[in-house]
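Work through these exercises with the structure in view. Try each task before reading its solution.

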Amino acid sequence: MSSNSDPASPNPLTPQQIADLQQRAIAAAHNAYAPYSHFRVGAAVLLSDSTIVTGCNVENASYRLTTCAEQTAIAAAVSQHGPNIRIRAIAVANLNATASPPCGACRQTILEFSTPDTVIYYPVADGTIASTLMADLLPAAFLLSK
Ligand code: ZN
């Protein structure tokens, strides 16, 4: 768990790439629509072709229809780059100085477009950034044979 290295991945990002991805996630969080929770989250998705696509949480008065930053970013990535995208890494950030690992629904959404070495970066309670491989973030994941 470190923002300065990525030892878990066989295809690690450089510290500069990680920092850039985190900065893009923070920038996206500034666009969050969060009038109810005031929890402003951003996500930056690094695709296998090195493209970065961002998203933020978009809340709704019904609460139930709220969309997380990770899901918004992935929907944008598919919209812009097609159904065959593969995610190399995702950075999640928030403007509330608190932990924000991807929720269960987001873990399943990330998995859909992941590779075995997809890495997810997210803030944890001690103020550092965790880096976790997808397989560790969502063990025993639901998979439907295609
Ligand atoms: Zn979520």
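**Exercise 1.** How many residues does helix 2 have, and how far does helix 2 reach from its first C-alpha to its last?

Solution. Keep in mind that this is a predicted model.
- Step 1: count the residues. Helix 2 has 13 residues.
- Step 2: take the span. From first C-alpha to last, helix 2 reaches 18 Å.
- Step 3: compare with expectation. At 1.5 Å a residue, 18 Å is expected, and the span is close to that.
- Step 4: look just past the end. Gly82 follows helix 2, and its phi is positive, near 95°.

**Exercise 2.** Find which residues of helix 2 are buried, and what covers them.

Solution. 
- Step 1: list the buried residues. They are Ala69, Glu70, Gln71, Thr72, Ala73, Ile74 and Ala77.
- Step 2: find the cover. It includes helix 1, strand 1, strand 2, strand 3 and helix 3 (104-112).
- Step 3: place the helix on the strands. Helix 2 lies across strand 1, strand 2 and strand 3. It runs at about 140° to strand 2.

**Exercise 3.** Which residues of helix 1 are buried, and where do they lie around the axis?

Solution. 
- Step 1: set the limits. Helix 1 covers residues 15-29 and reaches 21 Å, close to the 21 Å expected.
- Step 2: list the buried residues. Ile18, Leu21, Gln22, Arg24, Ala25, Ala28 and Ala29 are buried in helix 1.
- Step 3: look down the axis. These residues cover an arc of only 160°, which puts them on the same side of helix 1.
- Step 4: recall the general rule. An α-helix has 3.6 residues a turn, so residues three or four places apart point the same way.
- Step 5: name the cover. It includes strand 1 (41-47), strand 2 (52-56), helix 2 (69-81), strand 3 (87-94), strand 4 (114-123) and strand 5 (129-133).

**Exercise 4.** In what order do the strands stand in the sheet, and which strands are at the edges?

Solution. 
- Step 1: read the order. The 5 strands form an open sheet in the order 2-1-3-4-5, with mixed pairing.
- Step 2: find the edges. Strand 2 and strand 5 each have a single partner strand, so one side of each is left without a neighbour in the sheet.
- Step 3: From one strand to the next it averages 15°.
- Step 4: check a parallel pair. Strand 3 and strand 4 run parallel, joined by 4 bridges. Ala89 stands opposite Val119 in strand 4.
- Step 5: check an antiparallel pair. Strand 4 and strand 5 run antiparallel, joined by 5 bridges. Ile120 has Thr132 in strand 5 as its bridge partner.
- Step 6: inspect the turn. The hairpin of strand 4 and strand 5 has 5 residues between the strands. There, Gly127 takes a positive phi near 90°.

**Exercise 5.** Is Ala105 buried or exposed?

Solution. 
- Step 1: locate the residue. Ala105 is found in helix 3.
- Step 2: count its neighbours. Ala105 has 12 other C-beta atoms within 10 Å.
- Step 3: apply the cut-off. A residue with 12 or fewer is exposed, so Ala105 is exposed.

**Exercise 6.** Describe the chain as a whole.

Solution. 
- Step 1: count the elements. The chain has 4 helices and 5 strands.
- Step 2: read along the sequence. The pattern is α-β-β-α-β-α-β-β-α.
- Step 3: find the buried share. Of the 146 residues, 36% count as buried.

Conventions. Residues are numbered from 1 along each chain as its sequence is written. This is a predicted model: local features need pLDDT of at least 70, side-chain atom pairs count only at pLDDT 80 or more; totals for chains, interfaces and linings use all residues. Helices (H or I, at least four residues) and strands (E, at least two) are DSSP runs, numbered from the N terminus. The expected span of a helix is 1.5 Å times one less than its number of residues. A residue is buried if 20 or more other C-beta atoms lie within 10 Å of its own, exposed if 12 or fewer, and partly exposed in between; C-beta atoms are placed from the backbone. The arc is that of the directions from the helix axis to the C-beta atoms. Two residues are in contact if their C-beta atoms, placed from the backbone, lie within 7 Å. Two strands pair if DSSP finds at least two bridges between them. Axes are lines fitted to C-alpha atoms, for helices over the stretch in contact, and angles run from 0 to 180 degrees between N-to-C directions.
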